[in-house]
Amino acid sequence: MARLQKMRVRKHKVVLNRSRGGDTGIFVILAIMGAIMFLPMLYTIMQSLKPLDELWYFPPKFYVINPTIKNFTDLFRLMGQSWVPFSRYIYNTVVISVGGTFGHLLIASMAAYVLAKMKFPGKEWLFQTVVLSLMFHATVGALAKFIIMSYIGMIDTMSAIIIPAWGSSLGLYLMKQFMESSVSDAVLESARIDGAKEFRTFWVIAMPMVKPAWLTLIMYSFKDLWNTGSTIYIYSEQLKTLNYAINQIVSGGITRSGAGAAATVVMMMVPILVFVISQSNIIETMGTSGMKD
């Protein structure tokens with residue numbers, strides 16, 4: 001009993017450490033998982049470097065026997081034959097992707113701040129409506145959206161894609177949940193006591209604290225808008241997107257399969273670049289943004 005009492009009152013520093021074997025095992029497991037996740041991207045890149053005869057090998061191979069860049073040259077040659085300047089397709093895609101992403105981030109963040117940090121009648125009912133909307137695919141409301149856009153004159157404009165992206169409920173749900181868990185009410189109250197207006201409190205205090213959430217929102221929103229293809233809301237060729245133009249080019253049959261593989265790589269490079277840039281910030285922010293009341 002005395003020995004047990006002595007053990008209870010003994011003060012010592014506990015150092016938690018893994019063995020080298022444990023570190024090695026974790027590294028091997030993570031390396032294997034990372035390699036498996038990278039395989040689809042590797043296969044896509046390898047496909048873009050294969051000549052036409054290798055593209056149809058069965059079973060398909062993950063390596064290239066005779067690598068070539070002819071697929072990319074064919075793709076750019078076909079781009080140059082378009083009667084609408086290809087720079088126009090790129091411009092349309094950039095405007096839609098940046099405009100839709102920025103508006104979605106701003107509106108979703110402001111609405112999430114109100115739902116998470118303010119009290120008003122109908123707040124819970126409104127949020128439940130947002131959650132319910134996540135259950136429905138965008139195709140379900142396509143007809144109603146087309147009728148509304150046609151009535152207000154938005155058909156055949158880039159606004160027909162940009163403005164609906166602002167109202168995506170996924171961003172609102174993500175930001176609201178993250179603000180509730182990461183933004184301290186005490187910090188907001190301190191800012192208000194110091195004389196900060198509500199918008200300044202939101203922009204200067206709340207937004208930096210939820211940086212991982214809005215960086216994630218930027219990645220998802222930009223990716224979806226960048227990959228926008230054929231749509232019923234835009235029918236003028238001058239307003240079509242890059243994804244649509246490339247799909248039209250490579251839909252000419254088997255002879256354009258190589259250009260299609262190269263087009264897939266071209267289309268995925270920009271979202272991957274956005275992801276790589278944002279990922280480092282997300283990891284850094286998640287590691288340093290812990291806060292206690």
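Thr 255 is exposed, because its relative accessible area is 65% (exposed means over 50%, buried under 20% and partly exposed in between, with a 1.4 Å probe and protein chains only). You'll find Thr 255 in the loop that links H13 to helix H14, residues 257-288. Helices here are DSSP runs of H or I with at least four residues, strands are runs of E with at least two, and both are numbered from the N terminus. Leu 52 sits 203 residues away from Thr 255 along the chain, yet their C-alpha atoms are separated by 7.6 Å.

A word on the numbers: this is a predicted model, where local features need pLDDT of at least 70 and side-chain atom pairs count only at pLDDT 80 or more, while totals for chains, interfaces and linings use all residues. Residues are numbered from 1 along each chain as its sequence is written, and side-chain values use heavy atoms, with hydrogens and water left out.

## The overall picture

Of the 293 residues in the chain, 35% are buried.

Now for contacts, meaning heavy atoms within 4.5 Å. Take the contacts in the chain with a separation of 6 or more: residues 24 or more positions apart account for 73% of them.

## H5 against H8

Two packed helices are described by the angle between their axes and the distance between the axes. Axes are lines fitted to C-alpha atoms, for helices over the stretch in contact, with angles running from 0 to 180 degrees between N-to-C directions. For helix H5 (residues 86-117) and helix H8 (residues 159-166), the angle is about 25° and the axes are 7 Å apart. H5 and H8 are therefore roughly parallel to each other (under 35 degrees is roughly parallel, over 145 roughly antiparallel, 65 to 115 roughly perpendicular, and the rest oblique).

On the H5 side, the contact with H8 uses Val 95, Ile 96, Gly 99, Gly 100, Gly 103, His 104 and Ile 107. H8 brings Ile 161, Ile 162, Ala 165 and Trp 166. By class, that contact has seven nonpolar, four polar and no charged residues (Ala, Val, Leu, Ile, Met, Phe, Trp, Tyr, Cys and Pro count as nonpolar, Asp, Glu, Lys and Arg as charged, and the others, Gly among them, as polar).

## H5 against H13

H5 also packs with helix H13 (residues 242-249), at an angle of about 140° and with the axes 8 Å apart. H5 and H13 are therefore oblique to each other. Phe 86, Tyr 89, Ile 90 and Thr 93 of H5 meet Leu 242, Ala 245, Ile 246 and Ile 249 of H13. Seven of the residues in this contact are nonpolar, one is polar and none is charged.

H13 also holds Asn 247, which is partly exposed because its relative accessible area is 40%.

A polar atom of the Ser 109 side chain lies 2.6 Å from the backbone oxygen of Leu 105. Setting aside neighbours within four places in sequence, Ser 109 is in contact with His 104, Met 175, Met 179, Phe 202 and Met 207.

## H11 meets H12

Met 207 turns up again in the next pair. The axes of helix H11 (residues 198-209) and helix H12 (residues 211-226) come within 5 Å and cross at roughly 80°. That makes H11 roughly perpendicular to H12. The contact joins Met 207, Pro 208 and Met 209 of H11 to Lys 211, Pro 212 and Trp 214 of H12. Its residues are five nonpolar, no polar and one charged.

## Local details

Asp 156, in the loop between helix H7 (142-152) and H8, has a positive phi near 65°, in a residue other than glycine. Asp 156 is buried, because its relative accessible area is 15%.

Over at helix H10 (residues 185-193), a side-chain oxygen of Ser 184 reaches to within 3.3 Å of the backbone nitrogen of Ala 186 at the helix start. Gly 195 follows H10 and has a positive phi, near 100°.

Key: Polar contact = N/O pair within 3.5 Å; in protein donor to acceptor, adjacent residues only side chain to side chain.
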